[in-house]
Amino acid sequence: MPWPDEPCAACPRLARGLSLPCRAQTSRHRRFCDLADPDHPDHQPAYRRMLADEPEPDPAPPLVPPPMPGIVRQVMNFAVAATTHVATGAKIASEKERQDRLEICGACDRHQAGRCAACGCLVVVKTSWAEQRCPLDPPKWGPVGATPTGQGAFV
Ligand code: SF4
């Protein structure tokens, strides 16, 4: 007998040994079968779970932002950055270099409301100082004009 009396070839209920009819058959929504079929171009796993009475997967745990360094460490980190900046001639990164760095920071999981949780510095300040580098090891960006060695250093 044609569908809806017979299950589809890719019936997820049969694969799990469950009884028929499925919800697609009883509601005569053949489209559910397409959406549940992993080989169909419109496949959506939620429909397969629905037809197979599978529980929804646990939601991803909420992202917990990494903790900022303590205030003393933040002050020390900024003092070191500022001292290095002055000692190396207070060079400012070009707009392009700054934007490239900001783009990397913007996509970084340590970026928190304009600050870097790895060092506590204001990202907008640190990315504008030419000689600065991302504090991670390996760093995600380095001093302007420096070439990454691949081992977390720049030459
Ligand atoms: S400086 Fe490095 S660690 Fe900090 S936010 Fe930017 S990319 Fe992330």
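Predicted model: local features only at pLDDT ≥ 70, side-chain atom pairs only at ≥ 80, totals over all residues.
W129 counts as buried because 23 other C-beta atoms lie within 10 Å, and the cut-off for burial is 20 or more. When residues up to four places away in sequence are set aside, the residues that W129 touches are A81, H85, I92 and A93.

W129 can also be set against a residue from another part of the chain: R13 is 116 residues away in sequence, and the C-alpha atoms of the two are separated by 61 Å.

## Domains and cores

The domain assignment divides the chain into domain 1 (12-51) and domain 2 (63-155), and the C-alpha centres of these two domains are 51 Å apart.

The largest nonpolar core has nine residues, namely C8, C11, C22, A24, F32, C33, A36, Y47 and L51. At least two residues of this core are supplied by each of α3 (30-36) and α4 (45-51), and α3 provides the largest share, which is three residues. One member of the core, C22, is in contact with C11, R13 and L51, leaving aside its neighbours within four places in sequence.

## Helix α5

Helix α5 covers residues 71-87, a run of 17 residues, and from its first C-alpha to its last it reaches 24 Å, close to the 24 Å expected at 1.5 Å a residue. The helix is hardly covered, since the count of buried residues among its 17 residues is zero. After α5 comes G89, a residue whose phi is positive, near 100°.

The residues around the ligand are I104, C105, C108, R110, H111, C116, A118, V123, C134, P135, L136 and K140.

D109 lies in the loop between α6 (95-106) and β1 (111-112). Is D109 buried or exposed? D109 counts as exposed because it has 10 C-beta neighbours inside 10 Å, where the cut-off for exposure is 12 or fewer. Although D109 and P65 are 44 residues apart in sequence, their C-alpha atoms are 7.7 Å apart in space.

Conventions:
Residues numbered from 1 in each chain as written. Near = placed C-beta within 6 Å. Helix = DSSP H or I, 4+ residues; strand = E, 2+ residues; numbered from the N terminus. Expected span 1.5 Å × (residues − 1). Core = buried A, V, L, I, M, F, W, Y, C linked by C-beta atoms within 7 Å. Contact = placed C-beta atoms within 7 Å. Domains from an automatic or database assignment.
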